[in-house]
Every structure is written in structure tokens, then in C-alpha cells.
Amino acid sequence: MKNEWEISKSQEEWEVFLCKKFNISPLLAHLLVNRGVDSVEKAEQFLMPEKIHLADPYKMLDMDKAVEKLIKIREKKAPLVVYGDYDVDGVTGTSLYYLVLKKWGWNIKTYIPKRLDDGYGLSKNSISLLHDKGINHFITVDCGITSIDEINYANSLGCEVIVTDHHEVKNQIPPAVAIVDPKRPGDPYPFKDFSGVGVAFKVLQALQKRLGINDDLEEYLDIVALGTIADIVPILWENRYFVHKGIKLFKSKRRVGIMKLMELSNVNPDDIKAHDIGYKIAPKINAVGRIDSAYTALKLILEENPKKAHELAQNLVEKNLERQSIENQIYQQALAQLDVMKDLKERRILVLSGKGWHPGVIGIVASRILSIYHRPTLMLSIEGDIARGSARSIEGVNIVEILKEVDDLLEEYGGHKMAAGFSLKTELIPEFDRRLQIVMKKYDSQILIPKIKVDAKLELSDVNEALFKDIKKIRPYGSGNPEPIFVFEDLEIGRLRTVGKNGKHVNVILWKGQNKMDAVGFGFSHLFDNVNLPNEFARLDVAANVWENSWNDKIRYQLNIVDMNIKFDGKYKVNFLRKSEIKKEKFDKILNQSSNALVIGDPCVEEKIILEASMKERGKLIVVSPTNSMLKDLYNSLSLMLKKIGIQSSYVDALHMSDNPNGVTFTNVISLPKIIKGGEFVILCEPQLMIEMGLVNEISDLVVEKKSKRLLLLSSFLNRDDESKILQLFSVKKIFHEFHKRDIGIIDDRNTKDKTSILMRLLKSEHNRMAVVFSNRQNLKKTLSTLCERFPLMCKSDQIISYVPNASLYHYHRVVDLVKKGKVKVLLTTPVYASSLERINRIVYYDFPRNHISFLKPPSLFDRANSMSVIHMMFGEEDVNRNVKDIESLFPPSEHIIKAAHVLSQKSVDPEERLVETGIVDSKVFSKLYISMFKEMGIFDGEKVTKIPTEDEVNMTLREREGMAEKRILTNLKRELMERKTRNIAKIFHNPFENYAKSSN
């Protein structure tokens, strides 16, 4: 639970009065009071929205002037352009004016500016273009109140502009012939919170009254409701009337275009709710205005041909998908910027900027950032010397008033208290940010604590038909009238399953006493990552809406979870949060087992156990890895340590064979049969991968046949099926759980084209201490050289330092000491680095890991007390392809081996040089590899190949089998790391043993 729950207090006397006056339940009376109902009139507006009185439109300033000017334009039969904004409010307002004024005899045209070409509101260029076409009369909708210079320009051309708007007014109003905006200072109209289309409706009301036209204007309230809901204005008073009536009109299916969009959005018009309009319909209409032309949306609303309407609706759906893709890219970049802000916790307002950010999308991203940090958020798209911005605010902070405080820095700005647009010179962004931080200090810091306003505490037994009838009486919901939220406490979790794309959501059965309730939590699955269920110690407090579902004509009630708090009693909490470091007595318990044992732990746990076993055995100990890359990493990581404590170690694979290895022998599963004699202590690492490789049965038979002294299996990730197979095949009697639960953030820059620039930006932050992990040493050396050219003093002072395998023991200890003391800003290394990263707060994967362990190991080196740890993925498809090429060069395909055999079938003075000369290999290093394979097959006499091998013979060599294993593991790792969503990859770090934990219940 990250929010404060504010439970509304009762006003008993007033609530009792409402109960008696309207014959309603105490709960419904309480809901009304929570929504600001402090008079009988307001209560009637909630309970009987169809009876809401619409005030006289002529109470608005300049309404009479606007009407008279419109009538004169019609009398002259002059063309009139409706100049609308490009969002849903502007598009619906434009369509409303067009439909009604055209029907009533006006020569009506429409113009909606393109966001990227014209910017927000009236523009001089647009006015000029329209004027050149003979148009001199304009009526705006959802814009114009801040267009002072533009209307002055229109006046200079002899044009006349009527402004109808609902945005906040600046210090002065524009010189238009009429300005209808209820937010004008001194405007006597009793309701101020119309949308732009709502103001347009009032203008048409006034015009109808003046002309005595008998049409039913309410036939257009579906259009008004769409714009009103989309613009997130309070659904109160007249807006409540518009939305209440408008939703009923949607059910009549009169608007062909909107119906087609509903169909493609899976919205049932017979059961449409304000939520459907706000979250399923409006975003698709908004999308075209954000990234293309809003004319498509305008055409959709006006279209009456079903086939054309379907094509337009499909276009909107596709544009919305495109918008989502652009939005997610900017969102990731914005999160990365926030991550490097050293003063993030102190900031009361967030200012983020980026070159090339799409101006039409940054407002949505600002809303997403705001929902996480609960700070007013301003996003700026930099285009050369000018930055165009979009702002979103929180309750209690009027963003337009904030911008007024710094308007000397701005080129233009406008909007309302929760959202605004603005622009300024790029060079002023730092000063703009600095000044805004000062302005925000005037506000109480408590306003920045996210709060959920709860209507009441209920029990599950309270949820019934009567309760739901009460809730329905205050529909439609929206700004100013939120859907009721109730708190339910101390609920047991009966059953939980993840649902939706990528398993982001949860569906859970909740119990209390004899009562149970189905509940859904959108986006809450991550809260259960570390919780084993079912669990008698876990309880939930939930803040939730109550929903009604109908299935097979049977009504069921369901909780829609808004927020939750998972609680544990003392017994479970101790177990759940226990430390996972292995102590000496635990090592002894593991290593003194006479029977085979399985240890579940991260790669660092595996290495500690191998070191302890090496010291304990002082003799024949064989450590087996699934593949060459894992073997090499493990050997490089531990050989220095073993040498330090005086223990010999050797390395055995197809190219490095020893008939009598001494001390601790590191090998792979392919080469194990060549060295195991019998009676050894065998440590088998990652047996689940041997299952994946299809070799586990062979290894099991081998260790049984050789009568190993003892077998210890070490696994860093495991699923239930593999666990069962391992326990059975290797006769495991004891399982040890050594979990390292990690609370780590993740930043996704996969497939980025500019890794070095990102590193340099991160390097400039005081906050960052990075370990940059490389699988490719050439990349490491190249990056180190680039960074030292750019930051020579940091390299000289060891703030930038590197460590690679096989470095001297002195260099290793020096690097470790510098990291522990916090002197290192950037450590460039490989996955074999074996010491703690306790002062490091970010691990950057520069290129694609060679295997699962090189991906899992670095995070296990983090200091577990560091709450700011971050994983940053920069690898991409190019890195994967490079790994594939490296494997093919180290483990050449059979056709290459056969080709080389033909070349060496003739006697040669220097066979190694011969392979280089003929282009089979690049260097003698690889020539030796080929010749070693020929020797293994017994077809090389020292000077030539005596027999051309078959493909089957090549494939049976140790080296070729090692290569096949590497390729299989890499293919699976690519699928897991390149095709999975960030959310699922993050789960690995939050709980790398999730699969095993679930299987152990």
C-alpha cells in the first residue's frame, strides 16, 4: 500500500435529514455528503439528474453579442469557420456546431489545426490561409481565450472572431467581437466547469432561444457527453445532466461512426458507462489529434455510411496503437531521467525534457509519471531553440497559476487547473525548472502524499443488491463524482491467479468468516511476487469499488481493487523476511550430508559452497557445469580464490584434457565421462539446464555407475517438473533453500543504438555507482578507452576502473578495495567478478549474456540493504547475433570441419598455417581447434588428415557436442530475455526463485 487511505467522516444530522427527505439509506446519504452535497438542491441533482435545471445561457458574459454576430453572419450568407481544438473536446464541439448551425442555415466550414504544424489554438498562419480563401468569420471551440496576438492579427486582416472556450483566462482577454467563457472574471453564470463542447451547447441554446427554433437540441447530448467525459471536467450540475442524458442516447445507436468505434473497442452500447467512454472510446479519438490529423475523428462523428464509418474507426484504432508505441518509448526515457536525478526526493514538481519527444504524446506520459510520483509533472519536447511542453497536476495545485508565476520565461501558455500547455526557449529550461521548484515550496508538503478518499468501511456481508442499487443512484461517475470506494479489512486469500496480458492483473477469491467475494486487481500481480499462496498467515486490506457482473442471467458482485495492503502475522513475517546469507553452521550441515542433496540458491551461493567444499575435501572434487561458457565463468571466478587458499584447480573440456587432474577439477557435462574415475565428491551445477540439453539421464547413470562418494546439486532457478525429475534421478534425500530476495528496479534500453551516450549521461550523475557487465571483452576494452578519452581524470583517479578474469591477485584485491570504499564510479567487468558490489547501485548489461548464470549472478552481488539498486538492460539483437557468431567460430559447424579436412588431406609442412592461408580460419588459434578435433577422431598423423570424416563422426566429437549445447542454451536465453516484457524480466530479480517457491507449497 503506497497511498494514504482517508476514510470520510459522517455528518450525522445532515445525513439523517437526507434519509428522511429523500427516503434513502444511510449509506447513500453518506455517499452524497462525501461528494459535497450540502443543500437539498445539490442532492436533487445527484438523485434526479434528469430534472436538473439548465440556467439561462444569456447569464454568460457576451452571450448576447455572440448570438447577434452569428445571426448577422447568417443573414449575409457569409462562410463561417468553426475553429476547434484537436482533442476530443474540440472535435466534439466542432461537430456539434457543424451539425446544428448547418441545419439552421449557416454556411458552415470546419478547421481543426494539426498539433505538430499549427500548435495549440488559433495560429496566425491558419488565419492567413483561411482569409486567403475568402473566410473572414470565425467561431472557436475549446480554444481562443489566450490567443491575444492571433486575434489582433485576425482583426488587422478585417476578420471577426467569436471565442467560445472554457479555459482559464490570462491577465487580459483577447480583442474578439464576443468572448463566451464562464471562467472570465466577473462572469455571473452560476456554473463554471463546462467543457468546451458544453460551452458550445450553451451558445446553441441561446441561439435557439433568440431565433425561436423548435428543434430538440438534446438530441445532440451524446456528442456533448463524449467531450465532457473525455475532458475530465466535474460531472456535476449541468455537466451531470449532459452526461446522464447523453449516455442514454448512446444506447439508441444513432451515431453510426461512434457505434463502429464502440464495436472495435469491445464496448456494449446497451450497457455503456462513463468509464467506457473515458477509457476505451476517448483515447482513440484523441490519438489521431495527437500524432496525425483530428479531421479523421471529426469525419467519424459525422459519418452516416456504415462502411466508411468502419474504415474511419479502424484508422483510429491503428493510430491509437501507434500512439501507445510512441508513448512507451518516451515513458521509458522519462523514467531513466528520473532515475538519475540526485535530488528527486526533494523535488515537489518534476520537469523532464527530451529531443524529438512527440509533442502530441508527452501529456499522456506526464499523467503516467504523475500517477507514480504524485508530483505536478511537466514534459517538454525540444525542437531546436524552442521547447513545447505539456503539464499535468495534482489536486490542490492549479498548474495554470503555477505557470503564471514564471510567465516571464514562457512564450505562451494556457489550460486549466489540472492540465496545461506551454512553450519556452530551450536555453531557459534549467532556469524554468529552478524557478518552479521555488514556487512549489509555497505548498504544504502534505499535498504531495498520494491519498485515496474512502467512502466507508464495509464487511463482505454488506455487499448485496440493496448496496448496489444505492451505488447506481449516483451514476454517472467522473471528476467531482468518483466511483465509490470502500475498505474491507482482514480478508483471507482463498485462491489467487494472474490474468491478462503478461499476467499483470490478479483474480482472487477473498474470504471473511462464511462470506466470500470474487475480486480483480488491475496491475497488482507484482505485489504477490514474494508471497507463497495459499498462506494461513497472509491477510488483505483492500480499498475497492463494488461492481456487478451478469453471467447466464445470474447477478454476481465483484470487488474492483483500487489499492491493497498485504499483512502477515509475526510468525510468517519472520520466515518471509529471513536473511539468506549462509553461515558457517549451515555450510557444515550441507557438506556433512552423507546422502545426495539439492541446494537452491543464487550463483553467489553456489560459489561459496564450492569454495567451502574445496577447503573441506582437499582432494578429489569435481565441479560440473552444463556448458563451456558457464564452466569458464565459474573457473575464472573461483580459481584465484582457490589459489589464495593454497588449493590446486584444473580446467577440463574438449580442448583441455588431463589424464590425472589434481585438486578441484572444473569440467562440463560432455567431458565428465573422460575424467570421472569413481569415488569422487561431485558437485553438479544447474542440473535443470542439463535436462534442457537432454543429458540429465546420461549424467545420472554415470554418477551411479562410478559410485561417486557423494553428489551435491546446486540450482539457481528451478520449476516443479525439473525439481521432481532431479529428486528422482539423483536420489536426493535433502533439499536446502537459500533464497536471496532482491528488491531491484529495471530499466529497459534493449536494442538501443547509442549505448555510450547513455553511459556518459549516467556517469555525470552524482547518484550513480555502476557496474557495467560485458560478455564481450573487446566491447569492454573499447568502452573503457572511450570513457577514458572523455573523462581522463576519472580514469586516473580510479573512479573509472576495469576488472577482467585472469588478472593478477593484486589487481583483483585493489579493485575490490576501491569498490568497497565507494571510490569507484564505474566498474567495467565481466560476470565472473566475484566480490560484493555493496557500494554499487546500478548494474548495466552492456551486451547480451552468454548464459543464464552470467545474467543472474551480478544482481546477487548487490548489497541487500541498498534500496536504490537498479538493473539497466542495454543489450539487443545485434549482441545476440554476435554471440551466435562467436559460438560458430569457437564450435565450428560440421561442414566447416569437413571442408578443413579436405584442405589438410594433402601433406603440409605447417598444417595450422595452411588453414589460415586457405581462408578456413582467421588465425592459428582456430587452426589448433580444428586439428584437435581431427586428433580426437584419430584421423590426423601430424602432417595431414588421413580420412575425410562424415557429418555424424564430426557431430560425435566432444567439441561439436559442446557447441550444440551452447547454441541450445543461447536460443532459450534469447527467448527469455529478448521476447519477454520488462515486467516479467523484473520478476526474476525481485524473486529469482519464484518458480521453485511456488512448487514447494
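This is a predicted model: local features need pLDDT of at least 70, side-chain atom pairs count only at pLDDT 80 or more; totals for chains, interfaces and linings use all residues.
Let us begin with R323. This residue belongs to helix 15, which spans residues 306–339. Is R323 buried or exposed? Its relative accessibility is 8%, and because buried means under 20%, R323 counts as buried. Leaving aside residues up to four places away in sequence, R323 touches P283, A287, I291, V361 and I364.

I turn next to a pair of helices. Helix 10, residues 221–230, packs with helix 13, residues 274–291, at an angle of about 85°, and their axes are 9 Å apart. The two helices are therefore roughly perpendicular to each other. On the side of helix 10, the contact involves L226, I229 and A230; on the side of helix 13, it involves A274, I277, G278, I281, A282 and I285. Of these contact residues, eight are nonpolar, one is polar and none is charged.

The last topic is the sheet. Strands of a sheet pair through backbone hydrogen bonds, either parallel or antiparallel. Here, six strands form an open sheet in the order 26-31-30-27-29-28, with parallel pairing. Which strands stand at the edges? They are strand 26 (745–748) and strand 28 (800–802); each has a single partner strand, so one side of each is left without a neighbour in the sheet. From one strand to the next, the twist averages 20°.

Within this sheet, strand 27 (residues 770–773) and strand 29 (residues 826–829) run parallel and are joined by four bridges. A771 has L827 in strand 29 as its bridge partner. Finally, helix 28, residues 755–763, lies across several strands, including strand 27, to which the helix runs at about 165°.

Notes. Residues are numbered from 1 along each chain as its sequence is written. Side-chain values use heavy atoms; hydrogens and water are left out. Buried means under 20% relative accessible area, exposed over 50%, partly exposed in between (1.4 Å probe, protein chains only). Contact means heavy atoms within 4.5 Å. Axes are lines fitted to C-alpha atoms, for helices over the stretch in contact, and angles run from 0 to 180 degrees between N-to-C directions. Angles under 35 degrees count as roughly parallel, over 145 as roughly antiparallel, 65 to 115 as roughly perpendicular and the rest as oblique. Ala, Val, Leu, Ile, Met, Phe, Trp, Tyr, Cys and Pro count as nonpolar, Asp, Glu, Lys and Arg as charged, and the others, Gly among them, as polar. Two strands pair if DSSP finds at least two bridges between them.
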